Amino acid sequence: MLLSTAVAWGSPVAAPPAQARAAASIVLTPDQGSPGTPVVVSGSCGSGPTANTAVGARDNIRVRWDDSQVGATDSNADGAFELSFSVPDDASAGPHPVTVDCVYSVRSTATATFTVAPLAVPALTLSPAEGPAGTPVRVDGSGFGSCPGKLPGTVSLLWDGSAIGSAEVATGADGFTADITVPADATPEAHDVRAVCDRDDRIVATAPFTVDGGGSLPPDQDPVVTLVPDEGQAGTAQPLLSGSGFNCSSVDLLWDGGTLGSSEVSEAGTFETRVQVAADEPTGDHAMLVRCASDPGQAAEASFTVTAPGPSPEPETTGPGPTPSPVPSPVPPTPVPPTLTPGDQSSTPVGWVVGSSLLGVGLLAAAGAAMLSHRQRGPRWVHEHVSTRLRPSPGTTDVIGPPGHSVRLEPRTDPGEQTVQEEDR
């Protein structure tokens with residue numbers, strides 16, 4: 001009792017000084033990104049002899065996004081810790097607090113800010129965007145900057161939902177570039193090419209590719225061409241060139257190795273076109289080669305023979321021509337006197353004598369008629385055909401005569417009584 005009293009009245013024993021604890025701290029990696037971005041939280045809840053004196057047995061480090069807990073872990077003997085979580089999918093764009101609660105006999109907290117960036121709209125571009133099966137295509141993607149996250153990300157490329165290639169999005173990059181090849185069995189229609197971020201399938205873009213010309217042809221069908229007709233003259237021949245089995249959208253036409261033109265190919269791999277044979281083409285056989293513009297290995301050949309020109313036809317009269325010369329009336333042939341032989345009794349036949357006499361009579365009759373037609377008219381004819389009379393007004397004359405004749409009367413001053421006498425001859 002005495003000892004206890006002495007201790008109570010004695011000087012108090014000083015307690016050891018408490019050591020100050022370091023403040024809690026955290027670091028976010030990364031500290032910005034889109035919804036769904038994985039974030040690593042590392043830091044310390046302080047140090048000292050009581051640093052790891054937890055109230056509970058486990059999970060003495062708790063992480064909150066805004067006001068919702070997104071993770072928990074234990075610290076080591078020094079109070080250090082590290083954990084990860086993903087930014088909520090419904091996180092709005094802008095800054096959000098990330099808080100760490102250190103659950104010790106003395107609670108401590110640390111807060112950092114994570115900035116949510118708005119989701120970019122991904123887009124896809126194909127070059128070219130149309131072509132036959134087997135066409136190489138370049139794929140350019142944009143708006144995929146949120147796909148990588150902390151590490152380079154990968155993008156899967158799909159053709160109508162089936163894998164056809166892949167691409168890598170570098171850290172800090174917004175897009176990617178990749179190459180694909182249109183499947184050999186692609187049908188001639190529009191197909192979907194899709195790019196999907198492997199880490200977040202919400203980052204996706206689609207673009208159409210149109211397969212044209214012969215995508216449905218059997219792989220074992222060879223191109224064939226024909227010329228109908230297969231011969232003709234230069235400058236006038238226009239044979240019909242037709243082909244089938246071409247797995248392309250257009251073909252080039254070559255005449256003896258020189259380019260003649262081109263023709264479009266249908267979806268069934270066929271075409272038809274007219275060929276004009278030039279006027280200066282020499283006679284003989286010529287080669288017509290047809291090949292795909294995009295694939296010269298798909299080709300077929302036909303032969304055409306240029307023939308020599310034939311004789312020029314007589315020109316046809318299309319309008320009224322010159323008046324043909326009158327065909328002379330047939331002249332009776334002059335009788336040829338028979339050749340007499342030395343033994344004949346008569347030297348002049350009777351026919352010759354009678355014919356000559358008749359010809360002479362005819363000539364005399366024609367001469368007499370001509371003389372009679374030109375003789376002067378007598379007074380009787382004049383009296384019957386010409387009449388005159390005096391009037392106070394200008395005189396009139398009636399003349400009736402044969403065609404080709406005229407009578408002229410001239411008025412003069414009255415010379416007195418006049419007489420006209422005609423003597424017959």
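How many aromatic pairs does a search of the whole structure find? In this predicted model, the search of the whole structure finds six aromatic pairs.

**Phe 144 and Phe 176**
- The ring centres of Phe 144 and Phe 176 lie 5.2 Å apart with their planes at 80°, so the pair is edge-to-face.
- This pair links distant parts of the chain, 32 residues apart, with Phe 144 in the loop between strand 11 (136-142) and strand 12 (153-159) and Phe 176 in strand 14 (residues 176-181).
- Phe 144 counts as buried at 0% relative accessibility, and Phe 176 is buried with a relative accessible area of 5%.

**Phe 246 and Phe 271**
- For Phe 246 and Phe 271 the ring centres are 5.7 Å apart and the planes stand at 65°, so this pair is edge-to-face.
- Phe 246 lies in the loop between strand 19 (240-244) and strand 20 (250-255) and Phe 271 in strand 22 (residues 271-274), so the pair ties together parts that are 25 residues apart in sequence.
- Phe 246 counts as buried at 0% relative accessibility, while Phe 271 is buried with a relative accessible area of 5%.

**Aromatic cluster**
- One aromatic cluster is formed by Trp 65, Phe 85 and Phe 114.

**Strand 16 and its partners**
- Strand 16 (residues 204-211) has a covered face made of Ala 205, Ala 207, Phe 209 and Val 211, and an uncovered face made of Val 204, Thr 206, Pro 208 and Thr 210.
- Strand 15 (residues 190-197) pairs with strand 16 in the antiparallel sense over seven bridges, and a hairpin of six residues joins the two; Val 196 has Val 204 as its bridge partner in strand 16.
- Strand 10 (residues 130-131) runs parallel to strand 16 and is joined to it by two bridges, with Gly 131 standing opposite Val 211.

Methods
Residues are numbered from 1 along each chain as its sequence is written. This is a predicted model: local features need pLDDT of at least 70, side-chain atom pairs count only at pLDDT 80 or more; totals for chains, interfaces and linings use all residues. Side-chain values use heavy atoms; hydrogens and water are left out. Buried means under 20% relative accessible area, exposed over 50%, partly exposed in between (1.4 Å probe, protein chains only). Helices (H or I, at least four residues) and strands (E, at least two) are DSSP runs, numbered from the N terminus. Two strands pair if DSSP finds at least two bridges between them. Rings of Phe, Tyr and Trp (its six-membered ring) pair if their centres lie within 6.5 Å; planes under 30 degrees apart count as stacked, over 60 as edge-to-face and the rest as tilted.
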